[in-house]
Amino acid sequence: MGFFLEEWAMKSQGAYKPVATAAELIEAVIGPIPIGSTVSVRDTVAAVRKADPDLQVTDCELVETIVDLATVHGQFVLFDLKEP
């Protein structure tokens with residue numbers, strides 16, 4: 001899952017930093033995951049934060065976008081962001 005985002009991040013490094021929305025970053029992470037598979041909220045948020053540490057979006061907003069995009073992709077969502 002993280003490979004595609006890391007590949008995208010490596011391509012984007014250079015003289016400028018491309019502006020990517022949270023949805024675009026999440027799409028890069030969960031897009032390659034097959035239909036019917038599970039998307040981890042924790043892993044997806046971590047990958048997005050790693051790709052753009054300065055992203056001005058809360059974790060709650062990221063989770064909302066993850067749920068929206070995963071639903072479109074026919075994926076299940078594992079709400080594992082906070083563990084006891």
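Axes are lines fitted to C-alpha atoms, for helices over the stretch in contact, and the angle between two of them, taken between N-to-C directions, runs from 0 to 180 degrees. The exercises below apply this to a predicted model.

**Exercise 1.** Determine how α2 and α3 are oriented towards each other.

*Solution.* First take the geometry: α2 and α3 pack at an angle of about 125°, and their axes are 9 Å apart. Then compare this angle with the cut-offs, under which 65 to 115 degrees counts as roughly perpendicular and over 145 as roughly antiparallel, while the rest, apart from angles under 35 degrees, which are roughly parallel, counts as oblique. α2 and α3 are therefore oblique to each other. As for handedness, the crossing in which α2 passes α3 is right-handed. Finally, look at the residues that meet: α2 brings Leu25, Ile26, Val29 and Ile30, and α3 brings Thr44, Ala47, Val48 and Ala51.

**Exercise 2.** Carry out the analysis for α2 and α4, and name the residues that make the contact.

*Solution.* The axes of α2 and α4 come within 10 Å and cross at roughly 50°, and the two helices are therefore oblique to each other. α2 passes α4 in a right-handed crossing. On the side of α2 the contact is made by Ala22, Ala23, Ile26, Glu27 and Ile30, and on the side of α4 by Leu62, Thr65, Ile66, Leu69, Ala70 and His73.

**Exercise 3.** Locate the largest nonpolar core and follow the contacts of Ile26, one of its residues.

*Solution.* The largest nonpolar core holds 19 residues, and those touching the most other members are Ile26, Ile30, Val48 and Leu62. At least two residues of this core come from each of α2 (22-30), α3 (41-51) and α4 (59-73). Now turn to Ile26, setting aside its neighbours within four places in sequence: Ile26 is in contact with Gly31, Thr44, Val48, Leu62, Thr65, Ile66 and Leu69.

**Exercise 4.** Summarise burial, contacts and surface for the whole chain.

*Solution.* Of the 84 residues in the chain, 33% are buried. Considering contacts between residues at least 6 apart in sequence, 66% join residues at least 24 apart. The accessible surface comes to about 5400 Å², and 61% of this surface belongs to carbon and sulfur atoms.

Definitions and conventions
Residues numbered from 1 in each chain as written. Predicted model: local features only at pLDDT ≥ 70, side-chain atom pairs only at ≥ 80, totals over all residues. Heavy atoms only, no water. Buried < 20%, exposed > 50% of the residue type's maximum accessible area, 1.4 Å probe, protein only. Contact = heavy atoms within 4.5 Å. Areas by Shrake-Rupley, 256 points an atom, 1.4 Å probe, with all protein chains shown as cover. Core = buried A, V, L, I, M, F, W, Y, C linked by side-chain atoms within 4.5 Å. Helix = DSSP H or I, 4+ residues; strand = E, 2+ residues; numbered from the N terminus. Left-handed = near helix turned anticlockwise from the far one by under 90°.
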